Amino acid sequence: ARLIVQLIQSGKEGHVWANNYDRDWKDIFTVESEVAQAVARELQAIITPEEKQLIEKIPTTDLTAYDLYQRGIDSYLDYEIRNDLEALERAESYFHEALEIDSTYANAYVGLADIYWDKENLSDYYLTENYLDSVPVLLNLALSYDELSSDAYTLRGYYFRVKGNNDLAIKDFEKAIELNPNFGRAYCGMGFMYQFSDFVKALEFYYKAISVDRGQRLYSYFMNLGGVYFLTGFLDKARHYFNEALKLSGDSADYYYMMAQNAFFSGEDNKAIDYSRKAILLDSTTDKGYLAQALLRSGKHKEALAVYESWIDDMNESGGFDPRYAYRIAYAYWRNGLTEKAEYYFEKQIEYSSALINLNRPWAQDYFTYYDLAGVYAFRGEKEIAYENLKAFNQIQEVPFWTDALIKREPFFDNIRDEPEFQQILRDVEAKYQASHERVRQWLEENEML
């Protein structure tokens, strides 16, 4: 077989360099290494000893295992982009088959760790002490076969972040970047570390991910970048990057869902309803929460409850009820006079939020769980417990746009809205949000991006 490699520079330079590689494809990994080093020489790039070692590394000696692994990656990315559960199952099967052929194939162990992570997120394991226990076992096994696996260090960084071991998480992300300075997923991991603690740093790392990796994970980088702009109130920029992600996925339902989210938190309920309905029409499994909330705010209480009940059915059919927004469902029942049902879902929210705090899950680490609990207790008139949770929530340093927008108009806080203590917390939240927004604005101006 023959591989023809050309190096072309845009502009006047045009064709710079080319070479042919006539080889038996059993030598594919040797050819990859030769091509990478030849291109680096032509570009006069300096390759460090660590980078040279990475380039020369052979992941597996078996081409069938390599092919199965690549099929697994393609299927897994289909799942990530389109939420295709069948693709997730295919990916798992491919990784297992690759390991049956080569039990020392480190990348395949990392692939399985990704699969098990997502499967546990789709189950009840999230609220157990054993959540993700299989992930570090697989990643440590991968590192035992390949101590240079930036993939393994990166995923283990995510694992430590979810478990609340932030120092270990940063250490692993930095190790992954040291091993492979062009590994976008590791920079994305660092962005995730700062998602709710330093918006500017999060933006810097997400932009770095995009600059070094224009490959298959570009969709998720655009989504993350758009997410930070949404958090900081730069909605036009958020929409731009969501649109860039849409170009890669072709998922119009996802686009309309994001537009519904932007409209809802901007107080444009009619637009939120319209966008949500378009998303649901294209994909009936779309999260119906924003549609129901916008209908509630518009005074359409019966219609909102019907949407919530339909959503509950969807969740139960696809793997079980997700209690993250139970208190919002409770409010819809209460508005319709169904107080026993309302109380059931308020209790569900307390149970779920308390478990998140006890297990130190990210939603609790970033203080949002305390906001949810405060809403429940304030609505019930249990003011002392409500303020305890509001004070815990007020420890947050970087306040996202959506929290600032919600707390000003949430019906859950109507019982205490006019009280001086709540008004002070409201002023604190507003001041933190404005400070965060201003820091990002200044950063954008300094980098000529506004």
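Here is a short chat about a predicted model, going from the whole chain down to single residues.

User: Before we start, what kind of model is this, and what pLDDT do local features need?
Analyst: Residues are numbered from 1 along each chain as its sequence is written, and side-chain values use heavy atoms, with hydrogens and water left out. The model is predicted: side-chain atom pairs count only at pLDDT 80 or more, totals for chains, interfaces and linings use all residues, and local features need pLDDT of at least 70.

User: How many helices and strands does the protein chain have?
Analyst: Helices (H or I, at least four residues) and strands (E, at least two) are DSSP runs, numbered from the N terminus. Counted that way, the protein chain has 23 helices and two strands.

User: What percentage of the 450 residues count as buried?
Analyst: Buried means under 20% relative accessible area, exposed over 50%, and partly exposed in between, with a 1.4 Å probe and protein chains only. For the 450 residues of the protein chain, the buried share is 51%.

User: Which helices are among those covering the buried residues of α9?
Analyst: Helix α9 runs over residues 184-193, and nine of its ten residues are buried. Those include Y187, C188 and M193. Contact means heavy atoms within 4.5 Å. What covers the buried residues includes α5, α7, α8, α10 and α11.

User: How far apart are the end C-alpha atoms of α11?
Analyst: The expected span of a helix is 1.5 Å times one less than its number of residues. For the 14 residues of α11 that should give 20 Å, and the distance between the end C-alpha atoms agrees: 20 Å.

User: How are α13 and α14 oriented relative to each other?
Analyst: Axes are lines fitted to C-alpha atoms, for helices over the stretch in contact, and angles run from 0 to 180 degrees between N-to-C directions. Helix α13 (residues 252-265) packs against helix α14 (residues 269-282) at about 160°, with the axes 8 Å apart. Angles under 35 degrees count as roughly parallel, over 145 as roughly antiparallel, 65 to 115 as roughly perpendicular and the rest as oblique. So α13 and α14 are roughly antiparallel.

User: Which residues does S353 touch, not counting residues up to four places away in sequence?
Analyst: S353 is found in helix α18, residues 339-359. With a relative accessible area of 1%, S353 is buried. Its contacts, with those sequence neighbours left out, are T369, D372 and L373.
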